[in-house]
Structures are given as structure tokens and as C-alpha cells.
Amino acid sequence: MKGIKSNVLLSEISEGGLQERFNYELKKVAENVMDPNTDVSKKRKITISIEVTSDDYRDQLYFSAEVKSTLAPREKVGSKVLIGYGDKGEVITNALHSGERGQMYFDPTDSQLKTDEGKAVEELEKEEQQKKETTETESTPVQSGEVIDFRNQNAN
């Protein structure tokens, strides 16, 4: 077999299309490396696959190129969800916002005190006041500073 002289440059295959696809996959890999939600030590991969076929006269080659990347997966995220029974025996779930059941917290987005389920305490106090006003048959004044037990509130 005689020696082969090749003047084919990868950057010129498909009129630069192979280079363009490589650059696209390289960008995805770089973004994945910079994503703080991925493990920096995981390996990423860019694979260039070129299928070569010929015509019946063996005077032309046909290239079919594919470029793929393998990225590091994003790390898992965890969350706590509260579960319990409602007034009618139905199962109710609510996202836990405070980090611990029964714990109130200050929401940094609106600077309001909220329950572990993310409901504003101010809203709960208003609802509780409205319930008292509608259920009371006698007109007894509500004492200022009355303590409301939020642990015994039913989930909506």
C-alpha cells in the first residue's frame, strides 16, 4: 500500500460545521464546570465521531460528523415537607420553609415573620380574629396581646 497524503483539516470539514459544533459543546462543558451545583472534580467529555463512507468508484469520501458532550450531573437537592391530617381526615402536605417543624422564621424576601409553612403570622392573626368574631355569640372584648397557639393550626 502506498503512503497517503492528506490535506483535510478538521476545522474545514462541512465548511467549518465540525469546528462550530465542537465550540458549541465546549461552551456547554465550560458552563457545566463553572456551575456551582456540579462536582468540580467530575470529568467531562467531548466526543467527535466521524463516519466515513465511499462511493462505488472509490474516488470520493463522505464524512458524517457528530459532536457530543458528557457533562457532570447537577448535585441533588433536598427538602423537608410537612405531612399530616386535615379536619376531614384527608392527608395534607406543605413545604417546610423554616427548617424545623413548628419554628417561625423571618422571610428575607419581604421581612415578615412567617410560620414553618411560609404563611405570614400577621395573616394568621387576622384570620384568627375573624374566626373569633364570627363564632362568638356574646360580645366579649378581645384582650390586647392575647397569645395565639400556631402549633394547633390546621393546614389549608
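Glu 51 stands opposite Ser 64 in strand 2. The model is predicted: local features need pLDDT of at least 70, side-chain atom pairs count only at pLDDT 80 or more, and totals for chains, interfaces and linings use all residues. Residues are numbered from 1 along each chain as its sequence is written, and side-chain values use heavy atoms, with hydrogens and water left out.

Strand 1 (residues 45-54) and strand 2 (residues 61-70) run antiparallel, joined by ten bridges. Strands pair if DSSP finds at least two bridges between them. Helices (H or I, at least four residues) and strands (E, at least two) are DSSP runs, numbered from the N terminus. Six residues lie between strand 1 and strand 2 in this hairpin. In the turn, Arg 58 has a positive phi of about 60°.

Now the charged side chains. The structure holds seven salt bridges. Each is a side-chain nitrogen of Lys or Arg within 4 Å of a carboxyl oxygen of Asp or Glu. Among them are these:

| Salt bridge | N to O distance |
|---|---|
| Lys 28 and Glu 25 | 3.4 Å |
| Asp 107 and Lys 114 | 2.8 Å |
| Asp 110 and Lys 114 | 3.1 Å |

Lys 28 and Glu 25 are three residues apart in helix 1 (residues 17-34), so about one helical turn separates them. Lys 28 is partly exposed at 29% relative accessibility; Glu 25 is buried at 8%. Buried means under 20% relative accessible area, exposed over 50%, partly exposed in between (1.4 Å probe, protein chains only).

Asp 107, Asp 110 and Lys 114 form a salt-bridge network. Asp 107 is buried at 12%, and Lys 114 is buried at 10%. Asp 110 is partly exposed at 36%.
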